[in-house]
Amino acid sequence: MFSFYTFIRNHPWLSAIFGVTTAVQVIELILMNRKFGLFTPSFLQPYSIDTFLDRVLFFIATVYSDLLLFGAISIFFMLIAVLLRKSQIVFAYHFFFIAVTISLLAVIAKYKVLSYMSDTINFTIAKNIAGGSILSAMSYVADEAAIMLIFLFIALILYWVGYQLVLGKVQRGVCPEGATGTFPFKRIVYSYGSLFIGFVFVVAITLRYDNVRYGVVKKNSYALLTAVLDSASDFDQDGYGYFSFPEDLAMFDAAIHPGAVDIPGNDVDEDMLLGDFKLQNVDYELDYSNVVPVFDYVFLIILESTRADVLETKVNNQIVSPNLLRISQQGTVFPNAYSHTGFTASSLKAIFNGELTSPQHQLSLFEILKKIGYEVNVISGQAESFANISQETNMRATAAHFFDAETNIEERVYANTSLGSLRLSEDVVVRAINGQLDTLKGRGKQFFYINLQAAHFPYHYEGMKNLLNIAPIPRSQISLTNKTWLEDTYWNAVAAADDALGQLLSRLHMLGIYDQSLIVVTADHGESLFDDGVLGHGHKINDQQLKVPLVTNMQIEPITKPIGQTDIRELLLDLIGQDTDMTLINRKLAGRQAVFHVIGGISSPVQISHTYSDDRLVFDFRTRKVMFESTGRWQLIDDVVEQPRELEMLRELVFEWEKLNYRNSTEQSPEFPEGRLVHSH
């Protein structure tokens with residue numbers, strides 16, 4: 001009769017490998033299905049593993065990859081046991097516990113992040129959230145480290161208890177003969193080599209099945225092993241090998257691969273997307289020479305992480321933003337304003353520089369305002385040197401007065417001193433604004449950039465005003481199951497920012513300068529509050545994360561077509577000159593019907609999108625599939641080619657990304673070889 005105990009005694013390494021594989025496979029599959037719904041079709045999900053064949057292939061590929069990876073690791077432990085002449089059972093136990101613990105820690109950490117974020121999250125996005133700094137990205141998860149340390153401590157206790165039990169059995173002789181054993185080199189080489197060759201064939205097969213491929217890459221062991229295979233087959237060192245998807249159609253030409261910079265007009269489709277890129281619409285340049293300032297005071301107020309639905313939201317029958325609502329009723333609301341990226345740093349740079357790539361040809365908003373006679377004042381609740389915002393927009397260089405969370409670090413609301421975590425309370429920011437206004441009255445034209453950080457994750461700090469009569473959710477309780485509690489906390493934070501706005505309005509009235517003041521209020525990006533299952537911003541294309549409020553106290557005919565943050569510079573200059581024809585922004589918007597979005601980075605995108613007045617087009621680089629949001633259906637590029645209108649829309653989207661990617665690449669050199677590429681339409 002078969003006995004597990006006897007099998008473990010006689011085959012400790014096989015038992016350990018099967019045990020690790022089973023534990024990791026079960027936990028990972030549960031979490032994968034819970035997060036991604038891989039085995040049931042779901043809305044907006046490009047693939048699902050819902051046929052018998054798909055599920056069999058998925059199971060073979062994922063189990064195979066675990067066996068191969070953990071088998072390779074076990075060889076290392078086996079060799080140490082032989083060299084040290086130690087018991088194979090004891091070292092098999094060491095291998096089992098260490099492999100299970102590390103694997104589960106990695107899986108738990110991964111799905112802890114994914115419990116907040118969508119499956120578009122990657123290393124580039126994680127860095128972008130933290131302003132492009134690896135160290136800052138690590139500091140963002142520092143608060144979760146305590147949970148992982150507790151898990152590790154418990155694991156160490158269990159490991160020690162188990163080790164004592166195994167060691168006791170070994171010392172009592174309850175182990176097979178040849179406990180120390182010899183290293184079966186030839187047998188391992190032949191066996192493992194055969195397994196590895198088999199895995200290559202398994203990967204080659206899964207690459208041909210879209211649904212299976214989409215699922216297996218979420219498996220840690222499969223992703224790691226295929227990365228090794230891909231690197232080994234990357235003959236031209238362009239980052240794409242035989243085992244990539246999309247596959248590299250030019251294995252020995254480093255210039256051609258998915259995501260490559262497509263050089264315009266050379267009849268080569270370097271990025272393998274819809275033919276060679278044609279460089280068009282590159283002659284735009286901002287001409288502000290006719291702007292004559294009308295207002296003595298201009299306030300550009302940027303709210304952190306504030307959604308576009310702020311104006312109509314109520315909590316406990318209270319209006320969340322009464323002051324912003326009052327401005328909108330007196331002035332104008334631009335109903336379709338969007339962030340291009342969903343990240344703070346890139347959004348602010350887009351607002352101030354009027355473009356998504358590094359500016360080399362035009363002045364920033366700060367420089368223009370200074371040239372037309374405004375003194376620049378910066379009062380910000382965040383650290384404006386975060387991700388080089390102040391440097392790349394010439395904010396610090398042009399400011400006559402500069403006050404932010406870094407220059408006033410002692411008044412921060414959180415203990416963490418990393419740039420990405422520095423925050424000032426609304427009371428501190430309002431105090432700084434009032435103090436500066438008191439000193440500036442009658443001193444010429446003044447521009448204020450004000451940044452209010454109240455709605456930044458985790459949406460509460462000690463001392464924040466409770467304006468909506470809510471109980472703030474502790475950070476440790478933030479989860480999908482507590483969505484309503486989280487929403488109340490978030491909207492109270494937005495209300496705190498609105499309260500600061502109200503105090504500014506009162507001060508302007510008290511000083512008698514409100515009628516001489518232009519006020520423009522917007523946000524850096526929105527915020528998903530577990531809408532579509534995700535929390536935060538910058539990792540999914542939807543209105544919750546990308547649509548922002550844009551309100552001014554000046555009455556003017558609103559622009560209803562979608563506008564992006566790269567258009568705000570022109571909009572503000574039109575408003576400053578009371579240009580009712582909106583000359584600058586209309587010139588920039590001429591012929592353009594959609595706003596461009598990118599998830600990831602320009603040079604390494606996960607998804608790109610165009611938002612229209614009545615639809616949204618999304619292209620996913622991981623799957624090379626296209627979705628028109630009005631249909632909710634993902635299609636292959638080849639299918640879209642048969643639809644002339646949809647193909648033209650896709651071509652416009654791809655060409656806009658190619659233009660930005662090309663410009664990014666040319667700006668890395670001191671030369672700009674292909675002439676000026678100032679703005680992308």
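These legends walk you through a few views of one predicted protein model.

**View 1. The whole chain, for getting your bearings.**
The chain is made of 681 residues, and 55% of them count as buried. It exposes about 29400 Å², with 59% of that area coming from carbon and sulfur atoms. Among contacts in the chain with a separation of 6 or more, 69% are between residues 24 or more positions apart.

**View 2. An open sheet of seven strands.**
Here you can follow the strands across the sheet in the order β4-β13-β9-β1-β8-β6-β7. Their pairing is mixed. At the edges sit β4 (332-333) and β7 (399-403), each pairing on one side only.

**View 3. Strands β6 and β8 side by side in the sheet order.**
Now look at strand β6 (residues 375-380) and strand β8 (residues 446-452), which run parallel. Six bridges join the two strands. To find one of the partners, pick out N377: its bridge partner in β8 is F448.

**View 4. Helix α17 on the sheet.**
Helix α17 covers residues 483-511 and packs on the sheet. This helix touches β1 (297-303), β8 and β9 (517-523). The direction of α17 makes about 170 degrees with that of β1.

**View 5. Helix α19 on the sheet.**
Helix α19 (residues 568-576) also packs on the sheet, where β1, β8, β9 and β13 (550-552) are the strands touched by this helix. Compare its direction with that of β9, and you will find an angle of about 160 degrees.

Definitions and conventions:
Residues numbered from 1 in each chain as written. Predicted model: local features only at pLDDT ≥ 70, side-chain atom pairs only at ≥ 80, totals over all residues. Heavy atoms only, no water. Buried < 20%, exposed > 50% of the residue type's maximum accessible area, 1.4 Å probe, protein only. Contact = heavy atoms within 4.5 Å. Areas by Shrake-Rupley, 256 points an atom, 1.4 Å probe, with all protein chains shown as cover. Pairing = 2+ DSSP bridges. Helix = DSSP H or I, 4+ residues; strand = E, 2+ residues; numbered from the N terminus. Axes fitted to C-alpha atoms, helices over the stretch in contact; angles between N-to-C directions.
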